[in-house]
Amino acid sequence: MDEHRIKLRGGWLWVDRGADGDDLRVTLPIAWPPGPAARVRLVRPFRRPPIDPDREALALHLEAIDGLVAARLNDREVARPPSGTSSLWIALTGPLPERNVLVLDADPPRPSDASAAGSPWGAIALVIRPADPPASE
C-alpha cells in the first residue's frame with residue numbers, strides 16, 4: 001500500500017483576525033496579507049480517517065511552514081519546531097478520537113522579509129502510511 005494524503009486545505013479559522021475580532025475562514029496555503037507581523041493562530045477541526053491500525057499509521061505532514069511556533073492536536077502540543085523549519089513530519093501514535101482539532105501558532109514573515117513575502121504558507125496533510133512491521137523478538 002502506498003501512502004494516502006488527506007489535504008487539510010479548507011475549513012481553517014484564523015482566530016481573532018476578522019472584523020471586530022471575529023474568526024476569519026481561510027484556506028491553506030495562504031499568502032499572508034501585508035501589514036504588521038503578529039502571531040497567528042489557525043484552527044482546523046477534522047474527523048478521524050478510517051484506518052486499519054494493524055496495517056496503517058497516521059502522520060501529519062506540514063510543508064511551507066516557515067515561522068511555525070507550535071502545533072497542538074486535541075489540546076496536546078505535538079511540535080515546537082526550531083526557527084527555520086520549513087517541513088515537518090509528526091507521527092500520530094495511538095488511536096485518534098472521532099473528532100479532532102489541530103491548532104497551528106505561527107509568526108508570519110515580516111513585510112521586510114522579501115524572501116518569504118508573497119510565498120504561500122501552510123501545505124498541511126494527514127497521511128495514511130503503511131505501519132512499521134513489528135520488531136522481531
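Asp75 counts as exposed because its relative accessibility is 69%, where exposed means over 50% relative accessible area, buried under 20% and partly exposed in between (1.4 Å probe, protein chains only). Asp75 is found in the loop between β6 and β7, and its phi is near 65°, a positive value in a residue other than glycine. Asn74 lies in the loop between β6 (68-73) and β7 (76-79). The phi of Asn74, which is not glycine either, is also positive, near 55°. With a relative accessibility of 30%, Asn74 counts as partly exposed.

The model is predicted: local features need pLDDT of at least 70, side-chain atom pairs count only at pLDDT 80 or more, and totals for chains, interfaces and linings use all residues. Residues are numbered from 1 along each chain as its sequence is written, and side-chain values use heavy atoms, with hydrogens and water left out.

## Overall architecture

The protein has zero helices and ten strands; here helices (H or I, at least four residues) and strands (E, at least two) are DSSP runs, numbered from the N terminus. The order of elements from the N terminus is accordingly β-β-β-β-β-β-β-β-β-β. Of the 137 residues, 36% count as buried. The protein exposes about 8500 Å², of which carbon and sulfur atoms supply 50%; these areas come from the Shrake-Rupley method with a 1.4 Å probe, and for residues only the protein chains shown count as cover.

Among contacts (heavy atoms within 4.5 Å) with a separation of 6 or more, 74% are between residues 24 or more positions apart.

## The nonpolar core

In soluble globular proteins, nonpolar side chains tend to be buried together. A nonpolar core is a set of buried Ala, Val, Leu, Ile, Met, Phe, Trp, Tyr and Cys residues joined through side-chain atoms within 4.5 Å. The largest such core in this protein holds 30 residues, and Leu42, Leu104 and Trp121 touch the most other members. Two or more residues of this core come from each of β2 (12-14), β4, β5, β6, β7, β8 (87-92), β9 (99-106) and β10 (123-130).

Apart from neighbours within four places in sequence, Trp121 is in contact with Leu28, Pro29, Ile30, Trp32, Leu42, Ala64, Ile65, Asp66, Leu68, Leu104 and Ala106. The peptide bond from Leu28 to Pro29 is cis, with omega near -5°.

## Val103 in strand β9

Val103 is placed in strand β9 and is buried, with a relative accessible area of 15%. Val103 and Arg44 are 59 residues apart in sequence, while their C-alpha atoms are 6.5 Å apart in space.

## Salt bridges

A salt bridge is a side-chain nitrogen of Lys or Arg within 4 Å of a carboxyl oxygen of Asp or Glu. By this rule the count comes to six. One of them joins Arg39 and Asp107, whose closest N and O atoms are 2.7 Å apart. Arg39 lies in the loop between β3 and β4 and Asp107 in the loop between β9 and β10, so this pair ties together parts that are 68 residues apart in sequence. Arg39 is exposed at 52% relative accessible area, whereas Asp107 is partly exposed at 31%.

Asp105 and Arg41 also meet in a salt bridge, at 2.7 Å from N to O. This pair links strand β9, which holds Asp105, with strand β4, which holds Arg41, across 64 residues. Asp105 counts as buried at 11% relative accessibility, and Arg41 is partly exposed at 39%. A further salt bridge, at 3.1 Å from N to O, is formed by Arg48 and Glu98. Arg48 lies in the loop between β4 and β5 and Glu98 in the loop between β8 and β9, so parts 50 residues apart in sequence are tied together. Arg47, Arg48 and Glu98 are linked in a network of salt bridges.

## Glu56, a buried charge

Glu56 lies in strand β5 (residues 56-63). Glu56 is buried yet has no salt bridge, and the nearest side chain of opposite charge, Arg55, is 5.4 Å away; Lys and Arg count as positive and Asp and Glu as negative, while His and the chain ends are not counted. A polar atom of the Glu56 side chain lies 2.6 Å from the backbone nitrogen of Asp52.

Notes:
A polar contact is a pair of N or O atoms within 3.5 Å; within protein, one must be able to donate a hydrogen and the other to accept it, and residues adjacent in sequence count only if both atoms are side-chain atoms.
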